[in-house]
Amino acid sequence: MQFHHHGYVSGDPRVQPATGVGLDRPDELPDEVDVLIVGTGPAGMIAAAQLSQFPEVTTRIVERRAGRLPIGQADGIQARSVETFQAFGFAGRIAEEAYRITEMCFWHPDPADPSRIVRGERPADDPGGISEFPHLIVNQARVLDYFAEYMANSPSRMTPDYGYEFEGLVRADDHVDVTLVRDGHEKVVRAKYVLGADGARSKVRTAIGCTMEGNSAFHAWGVMDVLAVTDFPDIRLKCAIQSGAGGSILLIPREGGHLFRMYVDLGEIDPEAHHEVRSTTIEQIIAKANAILHPYTLDVRDVAWHSVYEVGHRLTDRFDDVPVGESGTRTPRVFIAGDACHTHSAKAGQGMNVSMQDGFNLAWKLGYVLSGRSPESLLATYSAERQVVAQNLIDFDKEWSSLMAKTPEELGDPGKLAEFYVRTTEFLFGFMTQYPPSMVVAEPTHQALATGFPVGKRFKSAPVVRVADANPLHLGHQHRADGRWRVYAFADDDGSALATWADWMAGSPDSPVREGVFDIKVVYQQRHVDVDISTVPTLFLPRTGPFELVDYENVFATDPVDDIFELRGVDRAGCVVVVRPDQYVAAVLPFDATDELAAFFRQHLLV
């Protein structure tokens with residue numbers, strides 16, 4: 001974290017100086033805004049948090065509730081999401097209060113006595129070291145609190161506007177008129193763009209003519225967050241429990257050391273009377289849990305929250321207001337994200353995580369268009385990219401929830417569930433997403449130069465050493481959610497190709513470099529003691545603030561133990577890796593491909 005570049009700062013450096021719309025932010029919801037976000041769930045809050053870093057853009061987020069969410073239904077946090085939290089500056093703090101999953105236990109019927117359950121496989125949660133970040137469990141409400149804090153500390157000083165119910169919208173060519181109701185009074189807000197992050201029963205989705213397509217599995221689960229006393233030995237481990245008597249439990253310990261969540265299999269339901277299952281009482285859910293856990297018992301002392309749901313898989317065919325077949329013919333003005341456009345079972349722990357990536361994907365694009373940095377055509381990439389990801393999630397969840405619901409006889413091999421869990425870890429952790437070539441993802445023509453940074457996938461961090469102060473750190477952890485593109489130059493052995501490229505980037509009229517858009521860093525092949533910082537091109541030592549102080553935090557060397565060139569398959573001839581504001585690799589290029597680099601950015605950056 002850097003501060004003092006505008007003068008000595010005494011106070012919390014996480015509170016950024018107010019600027020732009022944050023200087024005179026009105027308390028009341030204004031009549032006109034640039035972006036109106038409906039819903040303070042994960043998708044809406046991360047979008048608002050990212051847009052809060054664009055102080056020239058007027059963004060407001062409205063919520064029908066009277067205040068913050070006290071307890072959320074989602075709790076699983078993928079490692080990919082923790083990477084994202086790092087960009088927003090709270091990964092460390094939320095990890096301290098969260099429950100960390102390190103392994104998972106699978107329980108099966110005892111072959112000698114199928115009425116009893118016995119422990120089976122116990123695989124590590126991330127056996128392949130997919131991420132340096134852990135898999136966490138923490139209540140959704142706390143995730144939203146951290147995003148709210150980030151927004152409030154941003155240059156925009158953004159806070160949610162509570163108590164507003166969305167009623168409808170009317171779209172014009174260059175704006176959207178949104179009708180909201182608060183305390184019985186209507187208010188019409190004119191917005192350039194609208195994001196509907198208002199959940200599975202989204203009114204915004206209905207207003208733009210999108211429908212959810214899919215089906216129900218006609219299988220019900222009871223879910224409860226409880227405090228209990230039990231003799232079940234793995235109550236503080238994530239477990240998949242299959243009983244011989246029928247039924248399964250997915251056990252997820254919660255933060256705080258005592259609370260845990262149970263997804264309790266209530267069995268198949270009659271399609272003609274499937275709504276009746278909603279009347280299942282908490283006592284019935286607890287009784288079913290005890291039957292599945294036999295010979296162990298569960299004495300529930302307090303219920304924090306419980307619900308009953310049916311497994312269903314539904315998806316919209318588009319994530320904006322441009323009908324299928326008309327993409328490219330007009331600019332989208334209204335978008336939907338999260339549960340508003342994809343719903344599925346909760347047992348794979350994907351809902352909140354995928355929803356946040358929806359919001360992150362869209363928000364920086366809105367920021368670039370509204371700040372005049374990119375053409376409106378950039379906005380069409382949101383639906384194109386995220387709809388495919390949601391379809392992959394639906395396909396995965398169908399298989400996972402189906403396996404969880406099978407009886408031991410149907411499953412056959414009792415280790416099949418554990419095998420599937422281990423085999424699909426990369427998906428479960430959120431790292432299978434790979435965006436196809438587009439105006440913001442280049443063709444992988446030069447992928448061989450950096451095989452460990454696949455174009456279209458998230459930038460996978462690795463250890464480096466900062467040259468100026470000899471600090472060991474992770475390169476990817478320096479990526480902040482400030483809306484900037486990252487350009488990583490991996491130096492050639494003698495630095496000659498790097499120097500030529502840096503001169504072109506700094507001085508050529510064809511260079512895409514402009515103030516406020518790029519964060520450019522260099523990684524040398526040598527150890528930090530062998531890098532003379534006085535010979536580093538000035539491109540990597542920019543001047544900052546009114547005193548034109550030198551920024552020394554962009555120059556790195558290899559870690560003596562974990563060489564990033566080896567870990568990520570980076571060619572010793574050097575290369576350039578371009579990363580989008582939402583942490584996905586956009587291009588891998590050789591140093592001499594300056595024409596390709598310039599042409600790539602001309603697709604989506606306005607001079």
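Start by selecting P295, which sits in the loop between α6 (282-293) and β16 (298-315); helices (H or I, at least four residues) and strands (E, at least two) are DSSP runs, numbered from the N terminus. Show the backbone here: the peptide bond from H294 to P295 is cis, with omega near 20°. You are looking at a predicted model, where local features need pLDDT of at least 70, side-chain atom pairs count only at pLDDT 80 or more, and totals for chains, interfaces and linings use all residues. Residues are numbered from 1 along each chain as its sequence is written, and side-chain values use heavy atoms, with hydrogens and water left out.

Next, select residues 433-605. An unreviewed UniProt entry annotates them as "domain: Phenol hydroxylase-like C-terminal dimerisation"; such annotations may be inferred rather than shown by experiment, and the positions follow the numbering used here, with feature names shortened. The span is 14% helix and 23% strand, and its end C-alpha atoms lie 24 Å apart.

Now pick A470, in the loop between β19 (463-466) and β20 (471-474). Most residues other than glycine have a negative phi.

Last stop: E548, in the loop between β23 (543-544) and β24 (549-550). Phi of E548 is also positive, near 50°, and E548 is exposed, with a relative accessible area of 52%.

Notes
Buried < 20%, exposed > 50% of the residue type's maximum accessible area, 1.4 Å probe, protein only.
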